[in-house]
Amino acid sequence: MTPNSTTTSAPPKRPGQQPGSERSRTPRSPGGTLDARIPKLRVRIGSPTSLLAVIPGLLGFDPGHSIVVIGSESRTAMVRVTLRYDVPDPLQPKMAVALARQAVSLLDAQGVTTAVMVGYGADAAVSPVAAALRERASQAGIAVSEALRAENGRYWSYVCADPACCPPEGTPFDITEHPAARALRAAGGRVLADRAALAATIAAAGGRQATATRRATRDFQANIARSVTRLDRAGVPASAPRLTAALGEVVAQDAIRRYRKGEQVPVELAAWLTVALAQVRVRDDAWARMEAEHQGAHLRLWTDLTRLARRGYVAAPASLLAFCAWQAGDGALANVALDRAIADNPRYSMAQLLRDALDSGAPPSMARLPMTPEEVAAAYDAADAAEDALEDR
């Protein structure tokens, strides 16, 4: 499912709202969140050691206890997509089968005909996944050219039975200075300690920043309430949501412009923006401005706002961060951002729809902008006019 459907509701329902019954029923990924990445660097994998060397760079973090499946172009042998799952519990054999079924389904949907797999962990946990994956891939016409298990600095191959090159005690490996790993680092790829370290990069800010944001958030809410009261006393009908949205659109557009110029916004304005983004009109206007050519700037903006947002205001910036990360081919970052969004608001429709899209293996090419800014404004203006007409009756 593409996120377009979050902005197609007809008035008087606000664009961006979704009833629960319309939500896709894509099941959660077996063994944990699926982290899919599209490498920006053309990487060729020619040996088990080179495969092990490129995986941390492809993921952006050390794989730890993971199942990693890489689909490549059959003609060029270049990496096309990388899928990562948590290693399933060996006491639940059905999870291994479910993981293999989903991974092969995603590879098949993207036209991948050649794949490799690495499972990091104990034989009892990895071998059932390897067996299920190879069987399911064979049925789908996908060639698994290599399947490895790695543990404690050694690897074992499931496709090589020659003890001369694949001894039963495993083959030692060291990827620290492997040319493939160096190439990924030279291309600007970062490798964090684990997935938790990636999540920590967008965790809530603490210290002085947290204190300043908390104060600015309260001040903005109080200023809006006072302004609505004054307008009402002056005989000018006003509502807090509409006033917040009107101010918020101006602040959001200014923030986007600043970040595209390599600047930032003060903590106080960032706090105001996190409150304003709770109005879906502001969020959708910002979303409609997320052109792919400014990915780096947008990722910085939504990372900063996701970290600064106070409880109750995290879902919108975190969902926008997830969209931009998906757009950039970084499924791991997109998923940790969605974790934050859903923890803040489990029913947030944009986060739910983006997670369904990622779990279905939708490629970054499907991360299309929902509307133009002009279309967003027209849709919300029509909704406001319909609401005002009902109130006047």
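Me: How many disulfides does the structure hold?

Reply: A friendly note to begin with: this is a predicted model, in which local features need pLDDT of at least 70, side-chain atom pairs count only at pLDDT 80 or more, and totals for chains, interfaces and linings use all residues. A disulfide is a pair of cysteine sulfur atoms within 2.5 Å, and the number of disulfides in the structure is zero.

Me: Is C166 buried or exposed?

Reply: Buried means under 20% relative accessible area, exposed means over 50%, and partly exposed lies in between (1.4 Å probe, protein chains only). C160 has a relative accessible area of 24%, so it is partly exposed. C166 has a relative accessible area of 17%, so it is buried.

Me: How many helices and strands does the chain have?

Reply: Helices (H or I, at least four residues) and strands (E, at least two) are DSSP runs, numbered from the N terminus. The chain has 393 residues, and 48% of them count as buried. Its secondary structure comes to 14 helices and seven strands.

Me: Of the contacts between residues at least 6 apart in sequence, what share join residues at least 24 apart?

Reply: Contact means heavy atoms within 4.5 Å. Among contacts in the chain between residues at least 6 apart, the share that join residues at least 24 apart is 71%.

Me: Which residue forms an aromatic pair with Y155?

Reply: Rings of Phe, Tyr and Trp (its six-membered ring) pair if their centres lie within 6.5 Å; planes under 30 degrees apart count as stacked, over 60 as edge-to-face and the rest as tilted. The structure holds four such pairs, and the one with Y155 is tilted, at 6.1 Å centre to centre and 50 degrees between the planes. It links distant parts of the chain, 18 residues apart: Y155 is in strand β6 (residues 154-157), and its partner is in the loop between β7 (171-172) and α4 (179-186). At a relative accessible area of 9%, Y155 is buried, and its partner is F173.

Me: Over the face of which residue does R149 lie?

Reply: R149 is buried, with a relative accessible area of 7%. A charge sits over a ring if NZ of Lys or CZ of Arg is within 6 Å of the ring centre and within 35 degrees of the ring normal. R149 is 4.2 Å from the ring centre of W156.

Me: With which residue does R149 meet in a salt bridge?

Reply: A salt bridge is a side-chain nitrogen of Lys or Arg within 4 Å of a carboxyl oxygen of Asp or Glu, and the structure holds 15 of them. In the case of R149, the N to O distance is 2.7 Å. The partner is partly exposed at a relative accessible area of 28%, and its name is E151.

Me: Which residue forms a salt bridge with R281?

Reply: The closest N and O atoms of this pair are 3.5 Å apart. R281 lies in helix α9 (residues 280-287) and its partner in helix α14 (residues 373-392), so the bridge ties together parts that are 103 residues apart in sequence. Both partners are buried, and the one that R281 meets is D384.

Me: Which residues touch the most other members of the largest nonpolar core?

Reply: A nonpolar core is a set of buried Ala, Val, Leu, Ile, Met, Phe, Trp, Tyr and Cys residues joined through side-chain atoms within 4.5 Å. The largest one has 77 residues, and its largest share, 10 residues, comes from helix α11 (residues 315-327). Ring pairs also link W287, F323 and W326 into a cluster. The core members that touch the most others are W302, F323 and W326.

Me: How many of the residues of helix α13 are buried?

Reply: Helix α13 (residues 349-359) is mostly covered. What covers its buried residues includes α2 (93-109), α9, α11 and α12 (331-344). The buried residues include S349, R355 and D359, and the count for the helix is 11 of 11.

Me: Is Q327 buried or exposed?

Reply: Q327 lies in helix α11. Leaving aside its neighbours within four places in sequence, its contacts include M290, E291, P364 and L369. Its relative accessibility is 10%, so Q327 counts as buried.

Definitions and conventions. Residues are numbered from 1 along each chain as its sequence is written. Side-chain values use heavy atoms; hydrogens and water are left out.
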